[in-house]
Structure formats: C-alpha cells, structure tokens
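We will take it one stop at a time.

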Amino acid sequence: MWQGLYLDHMKLRFLFLLLFPALLTAQAIGLHPPKVNWRQIDTDSVKVIFPAGYEPEAQRVAKLAHLLQAEHNRSIGDQYYKFDLVLQTENITPNAYVGLAPFRSEFFTTPPQSFNQLGLTNWNDLLTIHEFRHVQQNANERRGITKLFSFLQGQYGWAVLSGIATPNWFSEGDAVVMETSLTRSGRGRLPAFFRELRAMESAGIRYTYAKTRNGSFKDFVPDHYRYGYLYSTYARREFGNDVWKNVLAEGAAYRSLLYPFSRALKRATGHTTKTLYTTALDDYRSQLQSQKKGATDDFTVLSPPHHEPANYRFPHPQEDGSIIALRTTYRRTAELVRIDPDQKVKVLTRIGFQREPYLSVNNGLAIWNETRQNPRYQNESFSDLILFDLNSRTKQRITRRGRFLSPSLSADRKRIVAVAYHPIDGTALVTMDARENPTIDTLLRAGGRTLFAWPVLSPDGQTVYSLYRQDSKLAILQKEIGKAADEAPKLLVDFSYELKDNLTIGPRGQLYFTSPRNGNDQIYRLDPASGAMSRITDHPLGAYFPGVGPAGELVFSSPTPSGLELSRRNAPLEIEAGLRSSKSTFTTYDNEGSNILDQPIDRADFPTKEISDHFGGIRLHSWSYNGSYVEPGVAVEATNALNTISMAADVSYNYNEARTGGGFNLRYGGFYPVMELAGRYRERSVLVGNPDFLDSLAVNRSDFNELELSAGLEVPLRWLDGNFVIELQPGLALSNLRLRNRSQLDERLPDDNFSLEGSLLFRLLERRALQQVQPRLGLSLQLTANGILGGADQGGRLLVRSSIFLPGLHRNHGLRLDVDVQHEQLLNPYQYSDRMQYVRGFYAPLNDRAVRLGVNYQLPLLYPDFGIAGITYFKRIRLNAFFDTGSFGLDVFDRDFEMRSAGGEVFFDNVWLNTQDITVGLQAAYRLTTDFFAPLGESDLRLRVLVEGSF
C-alpha cells in the first residue's frame with residue numbers, strides 16, 4: 001500500500017553482515033542523469049547536494065537541519081555526526097530515506113497529490129523534519145557495544161547493531177511525533193493515518209505484538225509508523241516527554257545483551273515492548289469509545305465480501321447501476337474493475353506502476369497516470385497518462401516522458417486537465433486534448449513552494465477547479481479556461497489550515513471532497529455557484545474517495561479491518577458543516593516545541609559551490625572483519641554521496657588450505673556504461689583433464705597462484721512498462737591472468753594470458769502481488785561466454801541459465817521452467833569457476849558439456865504468523881515440487897550420461913531478529929538415474945539445506 005510513504009531509514013542490516021560481508025551485494029551506481037549540474041552547501045553538520053536552480057529549497061533544508069539540531073534534540077540526545085543529503089529532483093516518486101554505510105540521505109522532492117495521509121506541510125519541510133530525526137536517532141545509537149562495532153567495522157557495524165537493538169516502530173513513530181509537534185499538520189493529527197487501526201480496534205481485532213512487528217501475508221496489519229506513534233505518545237504522556245532518550249541510549253549500548261531495547265524500556269517505564277503494546281492500544285481503544293457520537297449515516301456496502309485484504313478506491317457509479325473502481329488485493333495487483341449491482345466483480349484491465357493510486361472515469365472513458373523511467377538513469381522518472389475506453393477495452397498511452405499528475409476528463413471526453421510537475425519550477429495546471437501526443441496548454445502556474453492537486457473540469461468543460469496549497473494552507477480555486485495564465489484565479493474556499501482531499505465533481509457541477517474538520521474524515525459538498533457547503537456523510541470510521549452517480553447518488557470508500565470497502569449512502573443527509581478543524585488525539589508532544597515553519601528562519605544563506613559528480617566527496621565508510629574461523633579477512637569500502645563511484649578492497653586467509661587471497665574493485669557509473677577495474681590474487685586448486693590419455697578419463701589436480709587484473713564495461717538498463725519490469729545488461733570484460741608456481745598445469749597455457757568475458761542479462765518479469773510466490777509471467781536469461789585469447793584449446797566456457805515463469809492452477813501458484821547449459825572442455829588447461837546448476841540431487845560431474853531442464857511448481861502452504869522469542873518469525877511456508885532431467889557429456893568416452901531426479905523443496909519465509917527477511921529451506925531430491933560421482937553406498941535420496949534471498 002502506498003500509505004507507508006517513507007522508506008524505513010536504511011540502517012536495518014542483518015547480523016550475518018558482520019560475519020559474512022562477502023554476502024553484501026553492490027548497490028546500483030550512477031543512477032542520476034549526467035545533464036544535472038550539481039552544487040553543494042557544505043556546513044559543519046550537513047552537506048546538502050542539489051541541482052543548479054534548486055538553491056532556495058536547498059538553503060531552507062540546510063537551515064532547518066541546523067535549527068533542528070540546535071534546538072530540538074532534548075528528547076533524543078545531543079550526539080551528532082555530519083552526513084550527506086542529496087536532493088533528487090528528477091525522480092517523481094515521493095519518498096526519502098536515511099541510511100548508514102554510507103551515512104547519507106536522499107529526498108525525492110516531487111510532492112504527493114494526496115494530503116489526508118501526510119498533511120499540508122510543504123513536502124521538503126516535512127521530509128527535513130522527519131528524516132533529520134532519523135539522523136539524530138542514528139547518531140545517538142552509536143553508544144556502548146554499537147559504538148565498539150562502529151570502531152571495528154565502520155558504519156556496517158554501526159548499522160547492524162543499532163538496527164537489531166532499536167525497533168523500527170520506535171524510529172518511525174518518534175519521527176512522526178516530531179513532524180506533528182513542529183508543524184501545524186503532521187500525521188499524528190490526521191484521522192486517515194489511523195483509519196485501518198481505528199477499524200480494527202472498533203471491531204475488537206488485535207494481533208500479537210510479534211505480528212505487528214513483522215507483518216503478515218494473510219491479514220492486513222497496520223504498519224510500524226502507526227503503532228510507533230501510538231507507543232511513543234503514550235509513553236511521553238505517562239512517563240515524561242524525554243522518556244525515550246535514555247531508552248534509546250541504553251538499548252543501542254546493549255546494557256542488556258538480550259532484548260536490550262525492551263529491557264531499557266522496562267527500567268524506564270515498567271513496561272516491556274509487549275506490555276507497552278497492549279497498554280497503549282487499550283488506551284487508544286478507550287479514547288475511541290469516548291469519542292463515539294452515534295453516527296447517523298445509513299449506508300449499504302457495495303463491494304463483495306473477500307477472504308483476503310483488499311482496497312477499493314475511486315468509485316465511479318454508472319448509469320446501469322454498476323461501479324467502476326480501482327482495486328488492489330494481496331493476490332492481485334492494481335486493476336480497473338466493474339462491480340455489478342449483485343456484487344459480481346469483473347476485471348476490465350490491469351493498471352501499471354503508479355507513484356500513488358489514482359483513477360478518474362467520465363462518460364465511458366477512464367484515465368490514470370503510470371510511472372515510467374529513464375532506462376539507464378533510473379533517478380529520472382516520469383508520470384504519463386493512460387486512456388482506457390470502457391466499451392472497446394482499448395488502452396492508449398497518450399503522453400511520453402511527461403510528469404503529469406491527477407488527470408481528469410471532461411464530460412464530452414475531449415479535454416483533460418492535469419497537474420504538470422517541473423523539477424525546478426514546481427506545478428502548473430494544464431489542459432490537453434484527449435488523444436495521443438496532445439497539445440498541452442498551461443492554464444495556471446504555481447511557484448516552487450505552492451502546489452496544485454486534484455483538478456477537475458466542470459460538466460461543460462470550461463472551468464477548472466483545483467485544490468491549491470500555499471505553504472501549509474489550502475484553498476479551492478476556480479479558473480476559467482481561455483483566460484490568461486497570469487490572471488489570478490477565483491478562490492471558492494479561501495486559504496486555511498483545514499485539510500481537504502479527494503476533490504471530485506458531480507454531474508450537476510457540485511464539488512465533493514473529504515475533510516477531517518469535525519474530527520473524522522467525512523465527505524462535504526460545495527456548490528460553486530452559491531458557495532454553500534454541507535457535510536453529507538457521518539460514517540463512524542470515515543468516508544473517502546467520493547464518487548457521484550448520474551442521479552446524484554453518493555458512493556465512497558470506508559475503512560474495515562481488512563482494507564477499504566465501497567459503500568453507498570442511502571438516506572438523504574444534509575449536515576451543516578461546523579467551523580471546527582480536526583485536532584489530534586494526543587497533545588503531550590508539545591514539549592518538543594511548537595510550529596517552526598510559519599516564521600522565517602533567522603539565518604543568513606550558506607555559501608554554495610560546485611561539486612563534481614565524478615569523484616567528489618568520496619568517503620571511507622566501512623572496514624569489515626568477516627569473523628570466519630576458516631577464512632578470516634578484512635574489507636574496506638568507500639563511495640561518494642552521489643553514488644557514482646564505489647571502491648572496495650579485501651584480504652583473507654584460508655586456514656584449511658594455508659592460502660592467502662585478496663583484491664580490489666573500483667566501479668564508476670558517471671558515464672553511460674558502468675566501468676569497472678578490479679584486481680584479485682588467489683591460490684587455486686583445480687581438476688584438469690590429462691591430454692596424454694585419449695581413451696580414458698584421467699585428471700590431474702593442479703595447484704597454482706593466480707593474479708587477475710581486469711577491466712570491464714556494462715550497461716545496466718531497466719524499463720517500467722505497465723505491470724512489467726524489463727532489465728537488459730550487456731557487459732564485456734578483459735582480464736589479464738598471471739599464473740605462478742604451477743604444478744601439473746598443462747604447458748600449453750602460458751604464464752601470462754588474457755581472458756575475455758562477454759555477458760548478457762535479460763529479464764522480463766511481471767510484478768507480483770504480495771501473496772504471489774513468483775511472477776505469473778516472465779522470462780529470465782543470463783548468458784556468459786569466456787575465452788582465453790591467443791591460442792586454441794587453452795580455456796573457454798559458455799554458460800546459459802534461463803527460466804520461464806507461467807501461471808499456476810491458483811492465483812498464488814506458479815510454474816517455472818528452467819533451461820541451463822554449460823560447455824567447457826575438460827581438457828582445457830585453464831578451467832573457469834563452475835557456476836552450472838546441475839540436476840538437483842547430483843554431485844557436480846566432470847564434463848565437457850552439461851544441460852538441465854527443470855520443471856518447478858511452487859505454491860504457498862501456510863501463513864503461520866508465529867514467532868519464537870523474538871529470534872525468528874514464520875510468515876509463510878511454501879512448497880516447490882520439481883522434476884529435473886539433464887545430461888553431462890565426456891568427449892573422451894564419446895558419450896552423454898543421463899541425470900534425472902524428482903523431489904520437493906519446502907521454504908520458510910521468516911524474519912530474523914524482527915529485522916531481516918530471510919528464507920531457509922530444505923531440499924529433498926531423489927535420483928532416478930545413477931550418479932557416477934556419488935560415494936559408494938550413498939542413498940539416492942539426498943537432502944540439502946538452502947538459504948534464499950538477499951542479506
């Protein structure tokens with residue numbers, strides 16, 4: 001769901017990273033377009049990096065950060081460390097994060113259109129207050145054992161230890177407290193922020209603490225932002241505003257080695273994390289009961305009963321009594337559906353990736369926006385408009401590489417109004433023809449700190465109405481089409497701090513919107529001609545996304561414990577809207593301070609200067625010791641703030657083989673191809689066929705030292721197209737191999753030689769709904785070709801790994817067909833690392849060629865939602881039944897040997913230490929043919945433990 005807007009601040013790493021840093025995967029580098037001219041504000045506490053032309057916002061962000069550290073750290077601690085902050089203006093996704101290793105933050109500065117989940121605060125101001133609180137949290141977690149590991153392993157150690165110690169609900173709940181206390185808005189004041197939790201508590205549904213920590217594939221569980229805010233505010237009210245300061249410090253310092261945060265909380269409040277959960281929710285439920293007013297709305301549920309969490313948004317009643325709406329479920333991605341009067345649902349089409357859910361329908365034509373991106377520079381993204389004819393079922397993408405938000409159609413289907421976003425200039429209201437490559441006319445422009453949202457057209461198509469936010473105030477404006485763009489619009493509702501959202505228009509020209517002005521989100525009606533405003537719903541849990549039918553009937557979304565359902569208001573209701581504005585349930589955060597945004601920040605501008613996006617700002621951030629008693633080693637890593645260059649070096653020693661290895665890696669992504677330079681020294685031991693025996697199999701073990709110096713190029717490309725993600729990554733690398741201290745190695749291979757590698761990665765994968773175990777459609781292909789240059793029969797390999805994904809018998813099942821092929825002559829004096837996936841259950845055979853065909857059928861078995869002492873939490877158990885057939889060939893015998901097996905794999909999708917998703921599985925493979933390389937007397941049933949997923 002989009003409502004969990006911010007990414008968790010990326011300090012959460014799994015404990016295995018301390019022990020096995022080689023498992024780390026390299027982050028994608030060089031994702032911002034080189035056309036951006038970067039500048040920086042470098043102060044003693046933060047370096048703000050921003051595109052030229054965005055300086056006013058960058059200055060405000062820097063000043064706010066200094067103000068927050070100087071005056072708003074009392075409840076978190078005064079430790080502080082400088083960090084890098086990058087303002088990404090070309091990416092249209094509204095998001096932000098703070099991460100360690102390296103210590104940096106990124107703001108994606110395109111604001112959301114919806115207000116009821118995040119409030120009216122200027123987007124960059126909100127991000128600064130919220131994300132800077134994560135910076136303060138990270139800084140004050142560097143204590144005790146966490147600090148010790150930051151010395152031992154740099155920011156990796158810091159990230160892992162603080163991530164295990166501090167629950168994510170505290171990190172996000174505490175940040176929501178700050179955004180609520182230091183602004184006039186903030187999520188803590190918004191009824192929509194609590195709507196699902198309010199529905200659950202009203203229905204008497206409450207899950208275990210472990211389930212709220214780790215989520216569920218089966219049930220809807222409100223996220224840690226909501227629970228965290230409840231816990232944080234309850235503890236502040238009961239035990240003092242600064243109660244969390246010592247809890248955080250003692251927890252991150254591991255004063256108690258087991259459950260450090262919970263035991264620190266127990267010392268401070270008498271509550272463990274589990275009892276705080278229960279007590280805070282009991283308190284919340286009692287407040288809900290005291291606020292009940294006896295809702296008078298008479299409504300009928302229109303959406304069908306469902307057995308899984310589902311959300312129905314943007315209902316549009318039709319003349320035949322059906323409703324067109326946007327639906328998402330745990331089994332299905334976003335779809336345009338028609339709900340008949342008998343509650344039967346028909347899927348009309350699927351909707352692709354969206355920056356936030358949106359749909360508009362008028363007179364048989366639907367329109368929405370979908371996300372696209374620059375395939376190479378993925379921080380440059382777009383929002384293009386999609387038209388869909390409900391009658392002909394034809395879909396048309398009418399804009400290319402645009403940034404259009406919240407489009408709406410005129411009743412005659414000829415005109416579209418939308419918000420156009422520019423990374424530097426802000427938003428504008430634009431109109432265009434409802435056709436491909438339309439002519440775009442600017443109706444009204446807004447400055448950098450103002451925002452248009454939810455525009456709609458009058459029934460005659462001649463007037464545009466829109467929400468209009470200026471700083472933290474909101475108005476409803478009216479603008480006539482055909483008048484000059486610089487002409488001031490008429491304000492139907494003047495600027496105020498009262499929130500409004502989901503603006504739409506009925507067939508008679510009346511405006512409808514959601515507002516929390518009476519303390520709960522209800523739907524209001526506004527007559528543009530008279531200015532009369534009325535509240536027309538009184539739903540006990542809130543009413544959202546109003547849709548008005550041809551006869552004036554009102555349909556809306558309302559929260560339930562398992563998502564948003566559709567309801568129709570039955571009895572006429574005309575409630576005059578009072579003047580009260582929504583108020584937060586909680587007021588104990590006032591000690592943090594009051595609104596800091598209305599007054600100008602009393603500080604001179606910081607100096608700005610250019611920064612190189614090539615090599616500027618490189619910082620060493622981590623030095624990891626891998627902790628292995630077999631092959632201990634150390635690695636150091638460095639990168640720059642713009643993530644265009646990364647460097648790493650490592651050294652290790654293998655006690656079993658008394659061998660030393662090490663190397664370095666340098667990657668640069670500032671140009672179109674990503675360039676890589678690498679060097680690695682290793683001691684090797686390989687099996688090589690003996691060419692002196694031509695009619696029998698004879699192999700020698702060859703020991704030698706190898707120094708490899710390599711240079712490579714790759715072009716990582718990624719597209720979003722509807723519901724598919726397409727990746728293409730060709731690569732080419734040249735390596736110089738220097739072999740020394742050789743024993744038994746064929747003299748045909750010189751001491752110094754060159755190896756060339758060509759690679760191609762291609763993926764076409766359909767996105768998955770939450771419960772789906774694999775893409776329903778897709779293709780994955782990895783091709784690698786290696787060869788020693790300068791002579792025949794010295795070394796060469798061709799490796800192909802591929803999978804085809806197909807639907808299964810059930811929506812959450814999946815069929816996967818694998819085809820793997822490898823060719824590498826056993827007599828070649830140089831053997832590449834064997835990465836072939838052989839038939840499961842068989843030992844890796846000596847071969848000149850091998851092939852495997854695999855059939856897999858995967859399905860979920862159970863959703864246990866069960867934890868063990870905070871160590872591991874079982875979210876899902878799934879099964880993969882397989883049949884493999886293949887062969888390997890030996891030229892010396894002029895024969896291919898068959899391999900076949902069948903079996904199953906059971907996977908446990910778990911969360912370890914309430915922190916890291918990881919999958920552990922058990923494979924049982926029964927060999928149906930003889931394995932010539934198996935030990936004598938071994939059973940044909942072979943068991944193997946599997947670890948799947950990324951760390």
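The tour below starts with the whole chain and then moves to individual residues.

**Stop 1: the whole chain**

Please keep in mind that this is a predicted model. Show the protein chain as a cartoon and colour it by secondary structure: you are looking at 12 helices and 49 strands. The accessible surface of the chain comes to about 37700 Å², and carbon and sulfur atoms account for 54% of that. Of the 951 residues in the chain, 59% are buried. Contacts also reach across the sequence: among those with a separation of 6 or more, 60% are between residues 24 or more positions apart.

**Stop 2: a buried glutamate**

Select Glu766, which you will find in strand E40, residues 752-766. Is Glu766 buried or exposed? Its relative accessible area is 7%, so Glu766 counts as buried, the cut-off for that being under 20%.

**Stop 3: aromatic rings**

Next, highlight Phe, Tyr and Trp side chains. How many aromatic pairs are there? The count comes to 35. For a group to zoom in on, select Trp169, Phe170, Tyr209, Tyr227, Tyr231, Trp244, Phe261 and Tyr277, which ring pairs link into a cluster.

**Stop 4: arginines over rings**

Begin with Arg184 and Tyr497: the charged end of Arg184 sits over the ring of Tyr497, 4.0 Å from the ring centre. Then move to Arg942 and Tyr843, where Arg942 lies over the face of the tyrosine at 3.7 Å from the ring centre.

**Stop 5**

Bring the surface back and select Val855, Phe883, Leu922, Tyr926, Leu928, Leu941, Leu943 and Val945. Together they make a nonpolar surface patch of about 740 Å². Two elements give two or more residues to this patch: strand E48 (916-927) and strand E49 (941-948). Which element supplies the largest share? That is E49, with three residues.

Finish on Tyr926, a patch member that lies in strand E48. Tyr926 has 43% relative accessibility, so it counts as partly exposed, since that class runs between the 20% limit for buried and the 50% limit for exposed.

Note on methods. Residues are numbered from 1 along each chain as its sequence is written. This is a predicted model: local features need pLDDT of at least 70, side-chain atom pairs count only at pLDDT 80 or more; totals for chains, interfaces and linings use all residues. Side-chain values use heavy atoms; hydrogens and water are left out. Patches are made of residues with over 30% relative accessible area and no salt bridge: like charges are joined within 9 Å, nonpolar side chains (Val, Leu, Ile, Met, Phe, Trp, Tyr) within 5 Å. Accessible areas come from the Shrake-Rupley method with a 1.4 Å probe; for residues, only the protein chains shown count as cover. A salt bridge is a side-chain nitrogen of Lys or Arg within 4 Å of a carboxyl oxygen of Asp or Glu. Helices (H or I, at least four residues) and strands (E, at least two) are DSSP runs, numbered from the N terminus. Buried means under 20% relative accessible area, exposed over 50%, partly exposed in between (1.4 Å probe, protein chains only). Contact means heavy atoms within 4.5 Å. Rings of Phe, Tyr and Trp (its six-membered ring) pair if their centres lie within 6.5 Å; planes under 30 degrees apart count as stacked, over 60 as edge-to-face and the rest as tilted. A charge sits over a ring if NZ of Lys or CZ of Arg is within 6 Å of the ring centre and within 35 degrees of the ring normal.
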